[in-house]
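Work through these exercises with the structure on screen. Try each task before reading its solution.

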Amino acid sequence: MFKKKFIYLLPILIFFIIHYLSVGVKAQDNFFPITFQDDLGVEVTLIKRPERIISSAPSNTEIIFALGLENKLVGRTDFCNYPQEVAEIESIGLMSPINLEKIISLEPDLILSFGGFQAKDIPRLRELGYKVLVIEAESLAEMLHSIELIATACGITEKGRELITYLQERISTITNLSRNIPESKKPRVFTGSSYETIWSPGNGTLFHELITLAGGWNIVGNKQGWVPISPELVAQAEPDIIIVPSGIMNPEEINKIKRDIINRPGWSRLPAIKNNRIFTVNEDLFYRAGPRLVDGLELLYEIFHKTGTE
Amino acid sequence: MMNNTESNPIISLENVTFSYSSQPVLQEVNLSIPQGKFIGIIGPNGSGKTTMLKLISGILTPQKGVIKIFQQDIRKISRKKIAQIISMVPQESYITYNYKVKEVVFMGRIPYINQWKGEALLDYQISREAMEKTDSLIYAEKGIHQISGGEMQRVYIARALAQSPKILMLDEFATHLDLNYKYEIIKILRDSLQEEVQCIISVFHDLNLASYCSDQLILLNKGRIEKIGTPHEVINLQTLEKVYRTRTHIIKHPKLSIPQVLI
Amino acid sequence: MKSFIKPAQNKLYGYSNWRYKALFIIIFGFCVILVIGFIALNFGTIAIEPKKILSIIWQHKTDDSLGLIIWELRIPRLIMAMLTGMTLACVGGSFQGILRNPLADPYILGVSAGAALGACSVIALQYITGLYLIPILPIFALVGAFISISLVYLLSRKKSHLPMTDLLLAGVAVNFFFSAIITLLLAISRREIHSMVLWLMGDLSTASWQKVFLIVFPVFLGTMLLISSSLELNAMALGEEEALHLGVQTERLRLKIFFIGSVMIAIVVSFTGLIGFVGLVIPHIARLMVGPDHRIMLPVSALAGSIFLIICDTIARSIIAPTEIPIGAITALVGAPIFIHLLKRRNEHDE
C-alpha cells in the first residue's frame, strides 16, 4: 500500500524536480550576460556564468573561498595560503610576472587579477580573449566592494550580499565600541619593520584604517601612504603599543625582531618597550584586501583595549 | 713662371682669404699652378701650409676669393667628382678598426664605386698595382694596426694612388720613412707624374727634402706668399732669415746642385 | 726594390669575392635562426613535444590551448626577439662606424633615455591618476624617444652642420639629464618602482602579433638603409677628413645614420624596454668573425644579434621558470664570456 501511494507521488515529484531545475536554469540565463566595470574602470562583459576561475592574488583567492566558489577555482598563486584547502588547487606560480602559458593551459573563463605590478600583463590576457577583472582595494569599503564585484561576476549576488552584511556587522560592532573611547585613552600605536629603513603605513593604507577603526592612534597617521620614517620620529612619538607584522614580507624570526626592537638605541624609554607591549601579528590579516581584514580589525581591538602587558 | 698665368693652370687661387675664427690664416693669396710639376709648400709653423692644402681639396671654404680646379669653380663640383680628381695623403691618421692593408688601399676606389652595382675587376687591379708600386704588397693581408709607421705611410700613398688622381696632395709624407724609403717614394711619386697624375703638391717641413723633390717651391709666411720659384730662387739666405728668423748656411749638394740648408 | 709578387689568384688580384661570401653567410645565418628558433619554441612552462609543435605550426592550429600558447605567446615572442636583436646589433654597428668609436652603443645618442622617461612617466601617471594607461605605454615611450632625438639634434647642430663630437656630447648630456629625472621618479614612486625597473631592464614578455606587425616593416627597411651605407662607413673609419677626400659627404651620412638608427631603436625600445650589451658587443663579435668591412659586418651583426637575443630570451624565461630573469642581465652574462674568448683567440692568432 505504501508503495502504491509512492508511485502516484513519483510523477508529481519528477514534475516538480524538472520544473525547479528549468526555473533554476532560466534564472541563470536571465542573469547572464552581464556587463560591469572593474576597479580600473574597464568594462567587462561576461556571457555566461564562469566555471573555471583563476585568481592571481591571495586576496581574491580568499574572497572566492569565502563566497563558497572554491569548486570553480582552477588556479591560484604560490602566495595563496588560506584556507588550507587552497593547496589542492593548481598553482600558476608567482604574482609577477604572471605565467601566461600556465594560465592559458588551465583554460579559464574568468581571471581575477590584481592591479599594480600585474597591470602590464593584463592587456595581453585581454588581447588573447580572456575575461579579466582587475580588483584593487585599498580600504575596507573597497574590499567589500570587491566581494560584491566578484559575487556579481559569478552570478551569486545574494551570497555576496550575505557575506558583506556579515562582515559589516562585525565591523560595526568594533567601531561602535571604539567610538566611545576618548582620545586620551587611545593607545599610540606604531607598526613597522626592524630593518634599517622603517616603512610604516600612513593615511590611505589598509593598516592605518584598521588601527584607527580599532580605536588606536597611528603615530604616522599624518603622513600619506607607506612612508619611510626615522627611529627618532618613533622615539619622539612615544608609542604605547608596537605591532610587528610577520609573514612573507617580514620573514625574519619573530624573537629576533623583538630583540632588535627592544635593543634599538634610543627606544628604551618608549612606553611600549617599558611595558613590554610588543605584539606580533600575522601580516596576511593586514596586508591582504580580503575578508580576513575584519579578523585583523578584531585582533587589533583585542590588543589595544583588552590587554595590559603581555 | 708661377705667378704668370700659363695657359690652363690646373689649380688657381684668386684672392683667397681664409680664417678659422677671427684671425685670418691665409690672406689674399693669388696662385696658379701649372701642369706636370712637383710643387712643394714650405714655411714656418702656423704659416698656413696645411690650410692651403685643405682649401685646394675643397674641405675648407674660403671666406673670400675663388678656387678653381681645371678652370672650374670648386664650389660647383660635387664632393665625389673632386675625389676623382684630387687625392690626399695625410700626415698621420688613426684608423678605427683593424682593416687589412689591401682593404685600406681598396678604399681609394670608393669615389668610383656605386654602392649597388659594386666594384669592377678594374678596381681590384688598380688597387693591386698601387700596392705594387709602393712596395706594400707583402703586407696586403696584414691588419693595419699591425704594421709600423713607415709601412703605414706607404699604404696611405698606395691608397692615394689607387684613387687615380689627377692631382696628388701630400702632407709631410716623409715623417716616418726610413732613409731608403724616402727616396724610393719620391721616385714613385715622380714616376706617377709621367702617367695619369698631372700635379703633385706636398707640404714639407724638411727644407732639404723639399729642395730635392720639388720643381717649384711656395714659401708661406704668416698667411701670405713670401716667394715662389725654383728651389734655387726661394732658398737663399736673406729670405730664410726673414721668414725663419735664424741664420743658416746654404750649400750646394755635391752631386745634384740643389740648395741644401745647414744651420 | 720590387719584392716578389705572388701570381694573381682567380683573376681577382688577391681580393676575395665578398659577395659570394656574404650571400653564403646570410643564407647560413637564416638557417641557423630557423633551427634555433624552433628549439626555442620547445621551452616554456608548459611542456609541449617537438612533434606536437611541428604539427601545430604546420596546421596553424589555434583552437586548443596548446596551439594558443605556441601561436599567440611563443612565436610572437620569438619573432620579437629576432627583430629586436637585429635592430640593436645593426644600429650599434652603424653608430660605431659613424662615430668612429668602438665603445658606442645604440643608446649613446640619447634615444633610450627619452623612451625610458616616457615609459616610467606612464607607469607613475597610472598610479597617480588611477587611470588604465598601460596599453598606451609604447606610445609614450615612442614620443619620449622622439623628444630626446630632437633635443640631441638641436643641441649639436651648428648652422647646418652636424659635427661629430658635438653629437656625441649632446647624446651623453641628454642621457644624463633624462636619467636623472628617471632616478627621481624611481625614488618617489614606491609602489610602481617594481614595474619601472622591470621595464628598464628589458622585457619581451608582452610581445604579440600586433606589436610584431608594427615593427617589422621599419626594422627591415631601416636595416636595408643602414647596410646601404657600408662603403661610406668604411671610408669614415679612415678618418673624417680622409672620408671627405674620398668623396663621402660626412655631414649627410652622419645625419642619415643618426636619424635612421635612432628611429629604429625608438620603435623597438618602446615595446621591449632597454636591452643592453647587444648593440655594443655583437658588432665587435661580427668584426672578429668576418672583419671590419661594413658590407659584410653589418648583415652578420644583424643575424648574430637575432640569434643571440633568441638564445638569451629563451634562457631568461626558462632557467628558473616561472620566474623571468630580466633579459638585460642574461645578455651581459652570456655575451661577456663569448666576447672575452673571441678576443683571446684573436690575440693568439696575431702573435
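**Exercise 1. Which residues does B:L240 touch, leaving out those up to four places away in sequence?**

Step 1. B:L240 touches B:I235, B:T248 and B:V261. Two residues are in contact if their C-beta atoms, placed from the backbone, lie within 7 Å.

Step 2. B:L240 sits in helix α9 (residues 237-244) of chain B. Helices (H or I, at least four residues) and strands (E, at least two) are DSSP runs, numbered from the N terminus.

Step 3. Check burial. A residue is buried if 20 or more other C-beta atoms lie within 10 Å of its own, exposed if 12 or fewer, and partly exposed in between. B:L240 has 21 such atoms within 10 Å, so B:L240 is buried.

A note on the model. This is a predicted model, in which local features need pLDDT of at least 70 and side-chain atom pairs count only at pLDDT 80 or more, while totals for chains, interfaces and linings use all residues. Residues are numbered from 1 along each chain as its sequence is written, and chains are lettered from A and ligands numbered from 1 in the order in which they are written.

**Exercise 2. What is the strand order of the open five-stranded sheet in chain A, and which strands stand at its edges?**

Step 1. The order is β5-β4-β3-β6-β7, with parallel pairing. Two strands pair if DSSP finds at least two bridges between them.

Step 2. Find the edges. β5 (91-93) and β7 (132-135) of chain A each have a single partner strand, so one side of each lacks a neighbour in the sheet.

Step 3. Look at one pair. Strand β4 (residues 73-77) of chain A runs parallel to β5(A), and two bridges join them.

Step 4. Helix α2 (residues 58-66) of chain A lies across β3 (53-55), β4, β6 (110-114) and β7, at about 135 degrees to β3(A). Helix α5 (residues 140-153) of chain A lies across β6 and β7, at about 165 degrees to β7(A). Axes are lines fitted to C-alpha atoms, for helices over the stretch in contact, and angles run from 0 to 180 degrees between N-to-C directions.

**Exercise 3. How do the axes of helices α3 and α8 of chain C cross?**

Step 1. The axes of α3 (residues 65-98) and α8 (residues 209-227) of chain C come within 10 Å and cross at roughly 25 degrees.

Step 2. Name the arrangement. That angle makes α3(C) roughly parallel to α8(C). Angles under 35 degrees count as roughly parallel, over 145 as roughly antiparallel, 65 to 115 as roughly perpendicular and the rest as oblique.

Step 3. List some residues. The contact includes C:I79 and C:L83 of α3(C), and C:V212 and C:I215 of α8(C).

Step 4. Sort by class. The contact has 13 nonpolar, three polar and one charged residues. Ala, Val, Leu, Ile, Met, Phe, Trp, Tyr, Cys and Pro count as nonpolar, Asp, Glu, Lys and Arg as charged, and the others, Gly among them, as polar.

**Exercise 4. Which of the two touching pairs of chains has the most contacts?**

Step 1. Chains B and C have the most.

Step 2. Count residues. 35 residues of chain B contact 30 residues of chain C. On the chain B side, α4(B) gives the most, with five residues.

Step 3. Compare chains A and B. No contact joins them, and their closest C-alpha atoms lie 42 Å apart.
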